[in-house]
Amino acid sequence: MVDDAGSWDWARLSQWLPHATLEKIAAVKPPQIGAGTDVPGWRWEKNRNFSVKSAYKLLDIAAPLNVHTSWAKIWKLPVPPRIRVFLWIAFHQRLLTNIERVRRHISSTEMCSTCQDTPESIDHVLRLCPKARHIWEAIVDQRNIHEFLSIPFSRWISQCVQDSARFGQGDAIWNTRFVVFCWLIWKRRCNEIFDNNPLHESALIRYGIQLAKDFDSVHIGVKNLRISQPAAWCPPPHGWMKANCDGAVNTKDGRAAIGGMIRDEYGSWKLGFTRNIGSLEATKIINRSSLSLVNTLLVEDILKLIARPWIVHIRHINRSKNKVADTLAALSRDKAIDEEIFEKPPNEVMIELNRDMIG
Ligand SMILES: [Zn+2]
C-alpha cells in the first residue's frame with residue numbers, strides 16, 4: 001500500500017477504493033518502517049492499554065440516556081430554542097468537542113486545550129474540565145457537589161434536568177440554571193478558541209444566574225399576559241426593551257418597505273426606523289438562483305446580532321399587536337430608497353401608539 005518513497009501507493013489504492021475512502025486515507029500518515037510494527041491499542045486510554053475503568057466510562061457514554069423523561073422536561077424549560085437545540089446536540093453526543101473533531105478528521109488532537117493531557121469529551125468540557133468545575137462549584141449545593149461531579153455523565157444530565165432540589169442552592173429554579181450554565185460553558189469554550197475574547201469566570205457566573213432568572217420570569221410573565229391581554233401590544237418586563245418590526249409590500253407594483261421601533265417597559269419611544277427596500281431588490285433576491293445562500297448570509301447576520309452580549313427573545317406576534325410597526329413600514333414604501341431614523345414618533349403613528357398605551 002506504500003510506495004518506495006514512503007507515500008501511499010495511490011495508483012494501486014485507486015483501483016479498488018472509491019474516491020471518498022481515498023480522501024479519508026489521505027488524511028492518515030502511511031506506516032513507516034522505522035516506526036515499529038503495528039500493534040492493536042485501546043484508544044480510550046492515553047497509554048493505549050486496556051483498563052476496566054475506561055471501558056466502564058465508555059459504556060456509560062454510549063448507554064442510551066433516559067431520553068424520554070429528560071427530553072420532556074427540557075422541552076418545558078423556559079429557555080430559548082437555541083439552548084434547547086444545543087442540549088439536544090450535547091445529549092446525543094454530537095457536540096464538536098476535540099474528540100469529535102478528530103473522529104471527523106477535522107483536527108489532529110483530541111486533547112482539551114486547557115488541560116492539554118486530557119481528551120476533550122462532552123463530559124470533560126461541560127463538567128470536569130477545571131474551567132467548568134469552578135463554575136459548578138460556585139452554583140451547586142456544597143453538600144452534593146461531590147455527587148454532582150462524580151455520577152456518570154448520562155445520569156448527571158437526567159438528574160440535573162429532572163431533580164430540581166438536589167443540586168440547586170435553593171434560591172432559583174435549578175433546572176433552568178443548569179441548562180443555561182451548560183450552554184454558557186460551551187459558548188465560552190468556543191469563544192476562547194475562536195474569538196479570544198472570553199468572559200471572566202465571576203462575570204460569567206453573575207451573567208448566567210441573571211440570565212436563568214430572566215428566562216424564568218419572562219416565562220411566568222408571558223403566561224400571565226396570555227390570560228389577561230390577548231390582542232393588544234404589551235410592554236416588556238421590567239428592565240427590558242421591546243423592538244417591534246414589520247414589513248409592508250404594495251401588491252400592485254411589488255414595492256416593499258420595513259419599519260420598526262424600540263420601546264421600554266413604560267411604552268416610551270426610544271427609536272424608530274423605516275426603510276424602503278425597493279421592489280427591484282426584493283425581486284432580485286427571490287429570482288436569484290442562490291436564494292439559499294442569501295438566506296444563509298441573512299440568517300448569519302441575525303445570529304451574529306443575537307450573539308452580542310445581551311439577551312434576546314424573538315417572537316412572532318399577530319398584526320393586532322404590531323400596528324405601529326406596520327404603519328411605519330407602510331410610511332416609507334412610496335418614498336426614496338433610504339433609511340429614516342425617528343428619535344421621536346412621527347405624527348402618522350400617534351394614533352396607534354396611543355392605542356398601544358391604553359392596551
Ligand atoms: Zn480541560
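**Entry 1: the sheet**

I began with strand S1 and strand S2 (residues 256–263), which run antiparallel and are joined by 8 bridges. This is a predicted model, in which local features need a pLDDT of at least 70 and side-chain atom pairs count only at pLDDT 80 or more, whereas totals for chains, interfaces and linings use all residues. Residues are numbered from 1 along each chain as its sequence is written. For the element names I keep to DSSP runs numbered from the N terminus, with helices being H or I of at least four residues and strands E of at least two; two strands pair if DSSP finds at least two bridges between them.

I looked up the partner of Ala243 and found Ile262 in S2. I then followed the sheet onward: S2 and S3 run antiparallel with 7 bridges, and Ala257 stands opposite Asn276 in S3. S2 and S3 form a hairpin with 5 residues between them, and in the turn Gly267 has a positive phi of about 85 degrees. From S3 to S4 I noted 4 bridges, again in an antiparallel run, with Phe273 placed opposite Ile341 in S4.

Taken together, the 4 strands form an open sheet in the order S1-S2-S3-S4, with antiparallel pairing. Strand S1 (242–249) and strand S4 (339–342) stand at the edges with a single partner strand each, so one side of each is left without a neighbour in the sheet. The twist averages 10 degrees from one strand to the next; for such angles, axes are lines fitted to C-alpha atoms, for helices over the stretch in contact, and values run from 0 to 180 degrees between N-to-C directions.

Which strands does helix H15 (residues 323–331) touch? H15 packs on the sheet through S1, S2 and strand S3 (269–276), and its direction makes about 140 degrees with that of S2. A contact here means that two C-beta atoms, placed from the backbone, lie within 7 Å.

**Entry 2: the chain and its cores**

I counted 16 helices and 4 strands in the chain. Of its 359 residues, 22% count as buried, where buried means 20 or more other C-beta atoms within 10 Å of the residue's own, exposed means 12 or fewer, and partly exposed lies in between, with C-beta atoms placed from the backbone. Among contacts with a separation of 6 or more, 57% join residues 24 or more positions apart.

I then turned to the nonpolar cores, each a set of buried Ala, Val, Leu, Ile, Met, Phe, Trp, Tyr and Cys residues joined through C-beta atoms within 7 Å. The largest has 37 residues, and those with the most contacts inside it are Leu126, Val179, Val180, Phe181, Cys182 and Ile185. Helix H5 (81–91), H7, helix H8 (130–139), helix H10 (153–162), helix H11 (174–194) and helix H12 (201–228) each give two or more residues to this core, and H11 gives the most, with 10 residues. Leaving out residues up to four places away in sequence, I found that Ile185 touches Leu126, Ala132 and Ile135. A second, separate core of 11 residues includes Ala256, Met261, Ala325 and Leu328.

**Entry 3: helix H5**

In H5 I found Ile83, Leu87, Ala90 and Phe91 buried. Seen down the axis of H5, these buried residues fall within an arc of 95 degrees, so they line one face of the helix; the arc is that of the directions from the helix axis to the C-beta atoms. Pro81 and Val85, on the other side of H5, are exposed. After H5 comes Gln93, whose phi is positive, near 60 degrees.

**Entry 4: positive phi in a loop**

Most residues other than glycine have a negative phi. His105 counts as exposed because 12 C-beta neighbours lie inside 10 Å. Gln116 lies in the loop between H6 and H7 too, with a positive phi of about 65 degrees; with 8 C-beta neighbours inside 10 Å, Gln116 counts as exposed.

**Entry 5: confidence**

The chain averages 78, and 81% of the residues score at least 70. Confidence is highest in helix H7 (residues 122–128), at a mean of 94, and lowest in helix H13 (residues 279–287), at 52. Over residues 223–230 pLDDT stays under 50, and the model has 3 contacts there beyond four places in sequence. Residues 289–294 are also below 50, with 2 contacts beyond near neighbours in sequence. Where pLDDT is low, the predicted coordinates should not be read in detail.

Terms used
pLDDT is the predictor's confidence in each residue, from 0 to 100.
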